[in-house]
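Please have a look at the model below. We will then walk through some of its parts together.

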Amino acid sequence: MTALTVPARPEEDDTRLRPVPWRRMAGVTWRQHRYALLGVVTLLGAVAVYLWIAGLQLHRAYAAAIACHPARSPACQDLVNTFNGMGTFLANGSILQALPALIGAFVGAPVLARELETGTYRYAWTQGFGRWRWTLGKLVPLAVAVTAATAAFGALLSWYYQPYLATPGHQALGLSQTSAFNGGLFDLREVAFPAWTLAAFAIGALAGMLIRRVVPAIVATLAVYAGLAVTAGLFLREHYLTPLLTTSLTVPGSAWILSQWWTKGGTTLSQSTIQQVMDPVMQRLLPAVPPDQVHLYKLPTILNAEQYLTQHGYTYWTRYQPGSRFWPFQWIEGGWLLALSALLIAATIWLVRRRAT
Amino acid sequence: MNVIETSGLGKRYGGTWALRECTLAIPDGRVAALVGPNGAGKSTLLNLAVGLSAPSAGEVTVLGGRPAGSPAALDGIAFVAQDTPLYKNLSVADMLYVTRSLNRRFDQSYARARLDELGIPPKRRAGKLSGGQQAQLALTLALARRPRLLALDEPVAMLDPVARHDFMATVMTAMAADGVSVLLSSHVLAELERVADYLILLSRGRVQLAGEVDALLASHRLLTGPAAEVDRYAGRPVVHAGRADVQAHLLVQATADDPVPPGWTARTASLEELALAYLRQPGAAALHGPGRDRGTEKSEVTR
């Protein structure tokens, strides 16, 4: 049937067998995962274009609002309102929280789950490259790729959100402002965003190895990721460094306020108790203005009322993380997520190596 | 050199043994057929030999003492798994690229020429090929690695007769040209008749029979005689007695020199008849077990 023959195999000293070079995995990984990677780039690219256009408008409105003189004039208030009314869709960042989870789940989970689901692991793991080297040679470049792409995206997000971040000028002008620690925004910054994506990828890889089905592995990854992100945001993050305690009434807007309470004579007062004390003071201090302008005076009046109370034996305590701790917090979060991801990837490789089929 | 050597090899899944107390030595340069009913442990044995799974008991070495699954073992064995798994969304050319990248040796020109001859277009996605073409592609990828041992798990089970013939022809050509040893599992007995020169019968997770096909055929006779006299025949251990109304067929352990009882005729059994007789009687391993064959193989090894 065929005239083709297999050429004679060169005799080699197999005891000094040199492994197949690592770099060869790059091309293999690219060929197998190019659609996933292109999907990530397309998704991030599309959102990036939107952020870029929306961000330019936001920055322009912000620049106009803070440059306006005199600040109390109706024209300037219009500019402030324009800024405050912009980007409400993205302003709290919650929609973008899904990106690291989605990227991690859709890139990470199928790496092993698809091989195991379709049976191609029986091809891949019997090639000369070796199965644990194959796994490492795949997971590491993919992890680096998604991390690098999301790091670039995180830089863009940081630029986009810059006008919202509290400065001393914000409050005076009545501009929308938020602490950089805001639960929805902290995750989206330069370090945390790629770190969370990497963690989602690593969770996905391990879930794929354990569950061995693509779709259930993706679902499990999203669930585990959500649990971890919520736990980190609600319970872990505030403990990265010991919070500071102050009795000052003016905590800067950049600070992350963890809790505030009143005391009198060493005992903590309940919310309703202090409200009963506060309300008459507020009534007394609030100037006589038309009802539609009350909101303009409410904030300064509260401050006055608080000052009045502190002068009469009450103390206002604030437990907080100062704005200057933003970068240490980013690196702490990035650090433990990186360690966790490395651990999960190592566990995945260990499972591949010892796995009994 | 033995391409595969196992001793006391066992594999347990949960509480059930898929393979147990398997001791084998398959010599180099053979087409060894692994035969048995579904669930007999054929895939389990192959998976252990190629290093996909780890033994629960005993040990397995390949290509003259290399631990199964070790880099040196993976380098010398090409495995085509059941249903010939390929990356369905990769093109044929990409499959060649991937296989070349994952191995130290890859004969690109052989693979190209072979696919050309088979009429498999390089740009076609692997998933779009016919079943026969996918099997041929998987086989070509395996052979282009220039392995010492080609392990095939049910390679022709899903193929039509023509594709089946072409596939086996490719295997036999490689065998003849390169001296590659072949280990294939199958339950298509008729296909093995022409190609196998070493037989391993597995039944219920145990090796029932193992040895050179010629030696096995020479040590068995198929007797045909009156059904009424079956119980009186006691000259040789009976492997399997098949009774029709009038005539009985007995596969017995005997050589051509052994006397044939009066009223009976004797002839050499075909490989299929031999295998079927043993498979119908799983207990027959006790009569002619691997122990005896193991002894002869061991002496060959030392020679």
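The paragraphs below cover a chain contact, a sheet and a helix.

This is a predicted model, in which local features need pLDDT of at least 70 and side-chain atom pairs count only at pLDDT 80 or more, while totals for chains, interfaces and linings use all residues. Residues are numbered from 1 along each chain as its sequence is written, and chains are lettered from A and ligands numbered from 1 in the order in which they are written.

Let's start where the chains meet. The contact involves 30 residues from chain A and 38 residues from chain B; two residues are in contact if their C-beta atoms, placed from the backbone, lie within 7 Å. On the chain A side, α1 (24-67) and α5 (121-124) are the elements that give two or more residues, and α1(A) gives the most, with five residues. Helices (H or I, at least four residues) and strands (E, at least two) are DSSP runs, numbered from the N terminus. By type, the chain A side divides into 13 nonpolar, 12 polar and five charged residues. Here Ala, Val, Leu, Ile, Met, Phe, Trp, Tyr, Cys and Pro count as nonpolar, Asp, Glu, Lys and Arg as charged, and the others, Gly among them, as polar.

Now turn to chain B, where four strands form an open sheet in the order β2-β1-β4-β5, with antiparallel pairing. Strands pair if DSSP finds at least two bridges between them. β2 (16-27) and β5 (66-67) of chain B each have a single partner strand, so one side of each is left without a neighbour in the sheet.

Finally, find helix α9 (residues 271-279) of chain B: seven of its nine residues are buried, so the helix is largely enclosed by the rest of the structure. A residue is buried if 20 or more other C-beta atoms, placed from the backbone, lie within 10 Å of its own.

Terms used:
A residue is buried if 20 or more other C-beta atoms lie within 10 Å of its own, exposed if 12 or fewer, and partly exposed in between; C-beta atoms are placed from the backbone.
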